[in-house]
Amino acid sequence: MNPRRVVITGMGTVNPLGHDVESTWRALMECRSGVSRTQLFDARTFPSTFSAQVRDYDLKNDVHNPSRHSHAGRHCRFAVGSAVQAWNQSQLAKWDGLDSSRVGIYLGSGEGSLDFDNFISLLVDAWDQNKLDTVRWAKLAYERLTLHREVEQEANMVVAHLASEFGVRGPAVNILTACAASTQAIGEAAWQVRCGDVDVMITGGAHSMIHPMGITGFNRLTALSTRNNQLESASRPFDLTRDGFVLGEGASIIIIEEYAQAKARGAKMLAEIVGFGSSADAFRITDQDPDGSGAAASMRSALADARMSPADIDYISAHGTGTKQNDQVETRAVKAVFGDLAYKVPISSVKSMLGHLIAAAGATELITCVLAIRDQLLPPTINLHTADPDCDLDYVPNAPRKANVRVCMSNSFGFGGQNNTLIIKEVL
Amino acid sequence: MPERRVVITGLGLVTAAGAGIEPFRQALGEGRSCVKRISLFNPDGFTSTVGGELDDFSARSFVPKDYRKAVKVMARDIEIAVAAADLAFRDARLPTRGTDPDNVKLPSARLGCNIGAGLICSDLNELGQAVNSALSDGHFDMIAWGQAGMQNLTPLWLLKYLPNMLACHVTIIHGAQGPSNTIICGDASGHLSIAEAWRQIARGDADAVIAGGAESKLNPMGLLRQSKLNRLCASRNDKPASACRPFDAAHDGTVIGEGGGLLVLEGLDHALGRGARIYAEIVGFGAACDPLGADVTRPTVGGLDLAVKKAIAQAGIAPDRLGLLVAHGTGVKAEDDLESRAWQTALGESLRRVPAVAITGAIGSLFAGAGAIELATAAMALHEQTIAPTVNFERPSPDCPLNLSSEIRSQSLDYAVSGAFSIGGQSAACVLKRYEP
């Protein structure tokens, strides 16, 4: 089997630093932080009082007819906006050869937010001594909960909204492998194009866990930074003083298509997806495999898929969450795969600026890789001031850097042990 | 089409009929429904009070002793997947770290895991306990919650409900370090997971993959959401066993079941190398979606006709070669009608001739857990050359021209097709083939 080639022809994003690709890239080059005090709810007594929120996004700026998405949840609106940006850039709508049954959607999109106030009030008002009175709960729930708020929480609804926006009739898939989801989605979407099931895929991810139960969950796991007085410098991947990640939200969507088709219709090809690797730690639900073998297996598998060696990689976009464990394990895994070259290949974490977009993180980071190739510039890891002896690679600290960039590797590791790696290269 | 052939060698089912293939086969064979009044909580107050519930179910007996503590942090959906995985590997006689650690031959990096999951509902009693510790003036108080209330949740609370934890626990127990995915696409999840596993093996990324799905919506949120969608049968709460009636003239809504299925898929070379029993070969897959699916007030089957057409085309057969059609058959009248129409479009004249079966009458709607059980039903039929009856199918609905029967049918079958669709409008279909060397 000689797989078909896959190229990226459109990109869009809505995230804490920008509502489109270019403004996001500028912010990253200016080393700006997207972190601020949490305003989506009153988090002032939470262990973490800050997050990386999308500010003032209005779907009307991207979407001609937003009424079609009037029931869409927060992350779904980010996804629709991002997808429209990407779709417009691809110019597919202007191409008369488009067959909607050969266009698919493959997202790594999270669940929608709870209808928090109503959901919680039911737990209070139907509480009887020590347990829930389900009969009373049912009576009140029929009154208070609404169809659309409930159904839009299902993670496949974002896919449904994108299908509606673009009239897609081909395969439509949503996956949710925690923080690895959108990297994995793009990798599997690329395979569907490679093996000929579809010609175009709308792929990427969307997520918002910045709600009381999301922050509660991560705070209970002690996964979040609690640097409440230094919030803009709280996300400090690979720094000795890092104390957890900063929860972000957003969406990033890309359009990928078969190379010959893109070429024939004169599309601008932004990068080629040449390698995908996926593995599982199979270690513990709470911890990564400390020797990094799962992460290393994912990188090796992507290199083999791309028929490349470590020497071919010019830049690694790290998973780099800023938790003690991730950054140490990731560093170890890069060393295992790259050997002595590990000290030469620049690696950085844009999560230092964007926060951790969870399911949407990987797709957002892949977009920064495409831009790194376009502009021959590497985005930095900000807030990196104190060296950690366990993290001794070149993390592009605190300032962007000019570099020769033709091939990039992007890593995402999910809570629970799913590891995924993509490799992209410039289109010659 | 992928060059490496992929076969199904193990079936692990957890349904209201019980754990394993046998109780499920028996229930279908006897035409018996396992739907009963819900006992997990008091369902009075909901429009539907019946369900395909798992009796006295726990994953404890399906995990190695040293992993039993972890069952405490498993939501019910996770427990179902963990049990189904153990059953599937044992059925396949494929030793893993979890079933037979001394005899594992397959390298862990060559074993993958793809599991379909749904939106897992938090345990409302557990969460309610914590929430009610953070009140002021009888109302929830965010300040009190942040200060102290949240401390009443176990530190690992979030991990009970992350949907990728089904696959995560299964990979840990069985030492599956190959590709691992969690597909969340409603009722289409099972077919999508299994098809993706097929591709992973075909392209050489794994030699065996455990794939399928599991879900339990038998909780207050699940009942509420499905009844807000007007999908539940509200007219037969006094006759639970007869409530879910796919394609029957008296179909009047679906019944929520819980459970799931995981299938062991292997490269044919690998299966033959270890002398495995082969249920069936997977030879075709198609997926599609309905561009109007986001409007959930309008019934949809997610472009199922296109998914089925693609799957049959990939199998390289004409519809008249099909010996079995496993329908999704939710029992919701509008969905049964649309589904019948989709099969009609895809199969044309052959529809009336191809024997069909639907399993929801026996076990209810299993959402992400449904697809793998439907494909297991197809695989068993191909293996045994016998078609199970459709439970609660008494009088055909005039709008549903599927060739269903309330009797067991024995006949020669070479190919079977199965398709499913989700709320939101995604669909997927697979074609299985009787194994021939």
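So, let's begin where the chains meet: the contact takes 74 residues from chain B and 74 residues from chain A. Contact here is two residues whose C-beta atoms, placed from the backbone, lie within 7 Å. On the side of chain B that touches chain A, you get 43 nonpolar, 25 polar and six charged residues. For those classes, Ala, Val, Leu, Ile, Met, Phe, Trp, Tyr, Cys and Pro count as nonpolar, Asp, Glu, Lys and Arg as charged, and the others, Gly among them, as polar.

Quick housekeeping. This is a predicted model, where local features need pLDDT of at least 70 and side-chain atom pairs count only at pLDDT 80 or more, while totals for chains, interfaces and linings use all residues. Residues are numbered from 1 along each chain as its sequence is written, and chains are lettered from A and ligands numbered from 1 in the order in which they are written.

Leaving aside neighbours within four places in sequence, I143(B) is in contact with D42(A) and T45(A). I143(B) is partly exposed, with 15 other C-beta atoms within 10 Å. The scale is: buried at 20 or more other C-beta atoms within 10 Å, exposed at 12 or fewer, partly exposed in between, with C-beta atoms placed from the backbone.

Now chain B as a whole. Chain B has 13 helices and 17 strands, and these are DSSP runs numbered from the N terminus: H or I with at least four residues for helices, E with at least two for strands. Its radius of gyration is 21 Å, close to the 22 Å from the globule rule for 437 residues, so chain B is as compact as a globular protein of that length. That radius is taken over C-alpha atoms, and the rule is 2.2 Å times the number of residues to the power 0.38. Of the 437 residues of chain B, 67% count as buried.

Most residues other than glycine have a negative phi. R93(B) isn't a glycine, yet its phi is positive, about 50 degrees; it sits in the loop between α2 (76-92) and β5 (111-116) of chain B. F247(B) also has a positive phi, near 65 degrees, in the loop between α8 (220-228) and β10 (256-267) of chain B. So which of them is buried, and which is partly exposed? R93(B) has 15 C-beta neighbours inside 10 Å and counts as partly exposed, whereas F247(B) has 28 and counts as buried.

Over to chain A, and helix α1 (residues 21-29), where V21(A), T24(A), W25(A) and L28(A) are buried. They cover an arc of only 100 degrees around the axis, which puts them on the same side of α1(A); the arc is that of the directions from the helix axis to the C-beta atoms. Turned away from that buried side are the exposed E22(A) and R26(A). The cover over the buried residues includes β1 (6-14) and α13 (361-375) of chain A.

And β1(A) itself? Nine of its nine residues are buried, so it is largely enclosed by the rest of the structure. Eight bridges join β1(A) to the antiparallel strand β9 (residues 249-258) of chain A, with V7(A) opposite E257(A).

Key: Pairing = 2+ DSSP bridges.
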